[in-house]
Amino acid sequence: MGHAQLGPFVDTKDADYDWLIAGLLERTDRVLLTGPEGGGKSTFLRQFAVQAAAGIHPFTLEPVMPMRVLLLDLENGERHVRRALRALRTVADGAADQRLNVAVHAEGLDLTDATDLRALTQLIAQIEPDLVIGGPVYKLVGGDPTEERPAKAAAMALDHLRVGHGFALALETHQPHDTGGKRPERPYGASLWKRWPEFGLHLAQDGQLRHWRGARDERQWPASLTRGAPWPWIAAPTISSANSTSNDWDPVQAASEALRQYFTVRPNEEVASRKLGVGLRDVGHQHDDGAVRAAAAILVREGFLTVRSGPRNARLHSLATDRT
């Protein structure tokens, strides 16, 4: 097991983002998508797979670098998957044909079983995908899906493959049933799935795309999708395409632009530092709280925002009245 002393460890210069889709998806990212039964999450992930392989940004629809994609369907039969992909292939004009690989195993794969794990490992090694999309998660684990031990073994197997082959992973998973109150949006099954991904998202029936866990990094996920054409799901108008295809995308700069928009249309509003990220998310901008606070500090130094102390030592931000 490797190690390093503190000085050399923190002085090491990290590489830039290794984007698959700039501003949205980095190599080795993990995404878990929940949603109601029949709500469209499988359709969205199939669409994402076709668009990524065809070189189409899933939200802005702008050109991106095409990638090798493995669509791993563990729930539906081949005829169903063929019918669903046929229409998407037409929309993509065949641009995904050579890069999208489809594997259908409606019976599921048990990653705690040596034979199934070996089969998936060989498939990954053969395709060398940049992105693996599929699920549902509970069909990757044999036995009781609520047990922690087999779920941990399956998660570790996925992590070993993901890191070893350098692909991003986007899986769908079911959400728990309603127990008398509001239905939970977190994943069904073992609790580790709530902590495992970088991005945990819930696609609601009305298209709202909500985070059920705090994102580990700042990304340009839209706040909502809408059913449309020619693609089944399209991003709601709140998403901005600015910097979406640039390899120099800066999360603090993106948050700064969002804050400028937010306060320009709310010239009399004061917002506490800890509420800035919440305010942006309420109007459709998904930004990491750390990036938002850093952006606010920059805007204060630039004179665009002003800050004062409020109750309980809160730092209240507002638009500077003498800005130029």
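Two residues are in contact when heavy atoms of theirs lie within 4.5 Å of each other. This structure is a predicted model, in which local features need pLDDT of at least 70, side-chain atom pairs count only at pLDDT 80 or more, and totals for chains, interfaces and linings use all residues. Residues are numbered from 1 along each chain as its sequence is written, and side-chain values use heavy atoms, with hydrogens and water left out.

With a relative accessibility of 3%, T173 counts as buried. The term buried means under 20% relative accessible area, exposed means over 50%, and partly exposed lies in between (1.4 Å probe, protein chains only). Neighbours within four places in sequence aside, T173 is in contact with L33, T34, G35, K41, P136, V137, P187 and Y188.

In general, most residues other than glycine have a negative phi, and most peptide bonds are trans. The peptide bond from G135 to P136, however, is cis, with omega near 10 degrees, and P136 is placed in the loop between strand 6 (131-135) and helix 5 (148-165). The bond from A229 to P230 is also cis, with omega near 5 degrees; P230 belongs to the loop between strand 10 (225-227) and strand 11 (233-235). As for phi, T28 has a positive value of about 75 degrees although it is not a glycine. T28 is partly exposed, at 28% relative accessibility. D93, likewise not a glycine, has a positive phi of about 55 degrees, and D93 is exposed, with a relative accessible area of 70%.

The interior comes next. In soluble globular proteins, nonpolar side chains tend to be buried together. A nonpolar core is a set of buried Ala, Val, Leu, Ile, Met, Phe, Trp, Tyr and Cys residues joined through side-chain atoms within 4.5 Å. The largest such core has 39 residues, of which L25, F44, F48 and L131 touch the most other members. Helix 2 gives the most to this core, with eight residues. Apart from it lies another core, of 28 residues, including L109, I127, L158 and W193.

Rings of Phe, Tyr and Trp (its six-membered ring) pair if their centres lie within 6.5 Å; planes under 30 degrees apart count as stacked, over 60 as edge-to-face and the rest as tilted. The structure holds seven aromatic pairs. The F44 and F59 rings are stacked, because their centres are 6.1 Å apart and their planes meet at 10 degrees. Since F44 lies in helix 2 (residues 41-54) and F59 in the loop between helix 2 and strand 4 (69-73), this pair ties together parts that are 15 residues apart in sequence. The rings of W193 and W196 have centres 5.3 Å apart and planes at 90 degrees, so this pair is edge-to-face. W193 is buried at 3% relative accessibility, and W196 is buried with a relative accessible area of 7%.

Key:
Helices (H or I, at least four residues) and strands (E, at least two) are DSSP runs, numbered from the N terminus.
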